[in-house]
Amino acid sequence: VSSCGRLCTEELSDSVLLFLCHGALAMLEWKNGSMGESGEKLLLDIALVLLSLASRLKESNMAVSLSRILAIWTNSALDVLESSSQNLKSSLNGNSNTTGKLLEYVYTHWEHPLDAVRHQAKLIFKNILRIHQATLKESVVKSDPFLPMLTESLLSLEWHVKGKYASLGCLVECVGVENILTVDRTIPAQILDVMGDQSLAPYASDLLETMFINHKSHLISAFQKTIWINHWHDTWVSPLLLILCEGNPDQTTYVIDYYLPKLLKCSPDSLSYMIKILQASADKLFILSLGSCNTRGALGALMACLRTARAHGHLQFRDIMRDGLLSVGCVKQGLVHQHNQVRIDALGLLCETHRSTEILTMEEMQLIQFFITYNLNSQSPAVRQQICSLLKKLFCRIQESSQVLYKLEQSKTKQELIKESAKWDHLATLQQYKDFMSSICDKLFEALFPGSSHPTRFSSLTILGSIAEIFCAPEGQMQAVFQLAQEIDPTRVQTLIQCFASTFEEVKVLAFELLMKLHDMLDLQDSENLHLLFQAAMDLSISTKPYDCVTASYLLNFLIHHKGLLNVCLNNQQVAHAFQIDEDMSASTMEKNTLAVIKYLLANLEREIFQAEKSLLQAAASFPMYGRVHCITGALQQLPLNNLTLMTEWRQMVTKLILMSYRLSSVVSPIVQSSSPEGLIPMDTDSETAGRLQMILHEIQPRDTNDYFTQAKILKEHHRVDFAKLTDDEPVENVCIEIRGKEGQTCDVTAQMVLVCCWRSMKEISLLLGMLCKLLPLQTVSESSDGLITVEQVKDIGDYFKHHLLQSRHRGAFELAYTGFVMLTEILSRCTNESLRTLPQQWLYNVLEEIKSCDPSSKLCATRRSAGIPFYIQALLASEPKKSKTNLLKMTMNELISLAAPVNESPNIIPQVHALNILRALFRDTRFGENIIPYIADGIQAAILGFTSPVWAVRNSSTLLFSTLITRIFGVKRGKDENSKKNRMTGREFFSRFPTLYPFLLQQLEVVARTMDSETGELKLHPSLFLLLLILGKLYPSPMDGTYSALSMAPFVPFIMRRMFSTPVEWISMFIYHKK
């Protein structure tokens, strides 16, 4: 014990000291007072050491370890108190210095970003209460002021503080809910009011559950049932019914989801009381009780209560109908109610049951049919999702209950078969099921008529997909009560194919998935029909409407599964020479068809790229190439690339696809890499349009150093425009180019059309290359037969991504290049080849060195928020394995923080701008989780200091970084109220998380307060004043603040008061309002 005590006072590293304390708590015997007074002193010393470490250990793993060890300490303290001296009890009393510091730790960490730390803080608080009770004698428990003061302090906190709920729950278990309600009887209603916020609803419902369970136990022990149940209902049920009838939509939804099930579980008998009250309300005020589009009314409240009760097994639908709790007419009113959630609750009442094998009644089937008739066209995506989910539960119930009926029918004895009534009942129910499902399918297919709305199509296709999934072909002894394939005919197949033409991709996806579930039953072997569909897909793949190529992709993916498609491809004379596929090969139909389709697309694409190299305008107007690439990518995604038969053909195909991607990229990259790509039309060799192109180019006047734009490819002798006239200031009226399409029609080409063609082509190339790296097996050894892509090809693809991410100016281009690059880096991080696995690290070092070098010849884009550079670094860092020590992230953050700091002697601010922009992207990226939290304080300092720069680019980037960090620290603002306290925290919590900001902000505020005008000698505005006030305005003093905190906000007040007379009233008013 004495050795451990000496070690606690020696100068050791924080981590060593932490785990030394852990070892002492774990290995020493704390029970039965075996260590005497020295052990008690050691226990107190360990507490002081751990609490001092809390202000220094900020890394996520160390913060979690510290919280767990503190929780272990509280358990050890409880063990020691069983047989301790009076001195130790005094030292651990609730009013003691040690307990005060422990409470301060809890208040600082009860809203910590890490779940583990929050959970341990709750456990520590609970043990503090137990420790305090253990230090008191029974005679002084009632007169002790600690718990009443603690209760009053917690209740004085605002309800948006999440830590308040868990602490109050622990306090209720300790002192009983009556002592809480004595302070304020409206607390249950206050907590229910908070449940309009989804982020607080789970915490509020847990606290309410703790309170009403404790209250019930107290009342049962004190009163008779008839007395206590009424009192309990008045306290907990009446406020609930008021909110269900008149509350706002969000509040009622969260109350029903989180609170109502717990209340019914605690007291199932309360359901009859709730129904009685709501029915009485409905009878007295029939019209008003129906509710509106904003409130549920008594009818909606009744639906919600019955739905919850049925879902949790408190009653069945037959009981509802038999006992007259609800009429069929009322259910129908609920199914077509103005309020969306009332309709959902009415549907949930029909679909959700406690047992998945409960038999459907005829009333339920008829009501479901009534609901589908009027609710497929819901405009709310959330409501559509709930409808589809509830109906899926209903179909599962039909399937499972039908199997029960089949088994009952099969298990009957001969004696039972004589009883016709029993036999007829089961078979009749099964027939009702089949007829019901058939009628549902009829309604759904009728809703897919041409021109039907997107919500109707989405709902119908989703429900049909659920039916196809649940009522699939029977397996083993399973019998099918219904199969969707039996309802499919050629007309309905055509209806589903027509859904591919929808402009909404989710409709295309649903239609495709449904057809895939049914493709074994479909007959599309008619060669003429296949040819027409295939030709339609080819035409759509070069449409100038971007969504048409998506339609083409899904149509081709559907056709690939049909045998006759191979002959359709081979019969095309234009590209027949490109095919060398034998129909008798052992490969699957899907593999052969996919290879044929890709060869067909590639042959056409190569011709079109050749034409685009001559005239990019012609390509943009007549055959934008991105559609072909999109179809190739879509076809490859459907193929099991790790289980292919035609390896030689696929290896050749992959090589051609990669080379094609590079070639297409070279055609379109000059546009997206231009410093102003939004208004450029490139020069063509076609002399007919050369003059007008030059005129438009002169009008736009791009400031770009790219030779592609500065050296116009014009034949002077063919000029038909007097360029001398272009020097006048008069605007040029014509801003589009007329070209001839494939069939001789005249097309106007604008710069926007060219740009769309180019950036979408870059997008599809990036996705294709990324997918090739992600899905294809790697050929690590030359001449290997098991790989499709070589190491060198992967390296070349990596260099391609690097080039375009670092040099592209158009956001659409580098955002999608980033998506493909992420696929590549994920593969490289898991690769067994050492040279490939270390590539991300090498690329990261290289780009950081290029940023630091300030080389004037560098092509890195310093405008457009550094363009693709942040994306490039994000992808490299995100590829680092999550279970590693994140050394790359730490190294990068340290480098960027040093670059982001202002350097007076350096005339080049480009590295600082890049660093600020990259830091912003990294702080916004949720993939880095808590690993990036330790750098927030440094980021805030860099942003505030950068705001004082005389260079606009630095100030702009600093502002964006500051905004990102404010969101990262205080959370996303959910409401419109600028002065809301939801996105705020106490000063102690803020400065405990970021202790280095306390002296920094104080110093900066002092500088701001002393900023004088050199001419007048008066105080003047400092650039960083607004940022400082914005941070301080989000901090507020807490009623829990005691005398233990050294991070008081009092030193800030004099400097703020000094600025009040020289600062615009609006800023100060907002700041003062925040502090109220």
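## Aromatic pairs

Y818 and F871 are both buried. This is a predicted model, and a search of the whole structure finds 25 aromatic pairs. Y818 and F871 form one of them, in edge-to-face geometry. Their ring centres lie 5.3 Å apart, with 70 degrees between the planes. The pair links distant parts of the chain. Y818 belongs to helix 39 (residues 811–829), F871 to helix 42 (residues 869–878), and 53 residues separate the two.

F991 and Y998 make another edge-to-face pair. F991 and Y998 are both buried.

## Overall make-up

The protein has 1076 residues, and 53% of them count as buried. Its secondary structure comprises 51 helices and six strands. Take the contacts between residues at least 6 apart in sequence: 74% of these join residues at least 24 apart.

## The largest nonpolar core

How many residues does the largest nonpolar core have? The count is 331. F395, I467 and F990 have the most contacts inside this core. Helix 37 (residues 751–775) gives the most to the core, with 13 residues.

F990 shows what such a contact list looks like. Beyond its neighbours within four places in sequence, F990 is in contact with I969, F970, M985, L997, L1001, I1031 and L1035.

## Lysines over rings

Two lysines sit over aromatic faces. K1034 lies over the face of F970, at 5.6 Å from the ring centre. K332 lies over the face of F370, at 5.2 Å from the ring centre.

K1034 is placed in the loop between helix 49 (1025–1033) and strand 6 (1035–1036). Is K1034 buried or exposed? K1034 counts as buried because its relative accessibility is 16%, under the 20% limit. Sequence neighbours within four places aside, K1034 is in contact with I966, F970, N983, R984 and M985. F970 and M985 are also among the contacts of F990.

## A buried glutamate

E364 is located in helix 21 (residues 362–375). Its relative accessible area is 1%, so E364 is buried. Which residues does E364 contact, leaving aside neighbours within four places in sequence? They are R310, F317, L350, I359 and R397. Two arginines, R310 and R397, are in that set.

## L18 and its contacts

L18 is found in helix 2 (residues 14–27). L18 counts as buried because its relative accessibility is 0%. Not counting residues up to four places away in sequence, L18 touches L50, L53, L57, M62, S65, L66 and I69.

L66 is one of those contacts. L18 and L66 are 48 residues apart in sequence, yet the C-alpha to C-alpha distance is 7.1 Å.

## Helix 44

Helix 44 (residues 910–924) has 15 residues. How far does helix 44 reach from its first C-alpha to its last? The span is 22 Å, close to the 21 Å expected at 1.5 Å a residue. Helix 44 is mostly covered, with 13 of its 15 residues buried.

## Cysteines

A disulfide is a covalent bond between the sulfur atoms of two cysteines. The count of disulfides here is zero. C174 is partly exposed, with a relative accessible area of 21%.

C758 is also in no disulfide. Its nearest cysteine sulfur belongs to C757, 5.1 Å away. C758 is buried, with a relative accessible area of 0%.

Definitions and conventions. Residues numbered from 1 in each chain as written. Predicted model: local features only at pLDDT ≥ 70, side-chain atom pairs only at ≥ 80, totals over all residues. Heavy atoms only, no water. Helix = DSSP H or I, 4+ residues; strand = E, 2+ residues; numbered from the N terminus. Buried < 20%, exposed > 50% of the residue type's maximum accessible area, 1.4 Å probe, protein only. Contact = heavy atoms within 4.5 Å. Expected span 1.5 Å × (residues − 1). Phe/Tyr/Trp six-rings, centres within 6.5 Å; stacked < 30°, edge-to-face > 60°. Lys NZ or Arg CZ within 6 Å of the ring centre and 35° of its normal. Core = buried A, V, L, I, M, F, W, Y, C linked by side-chain atoms within 4.5 Å. Disulfide = S-S within 2.5 Å.
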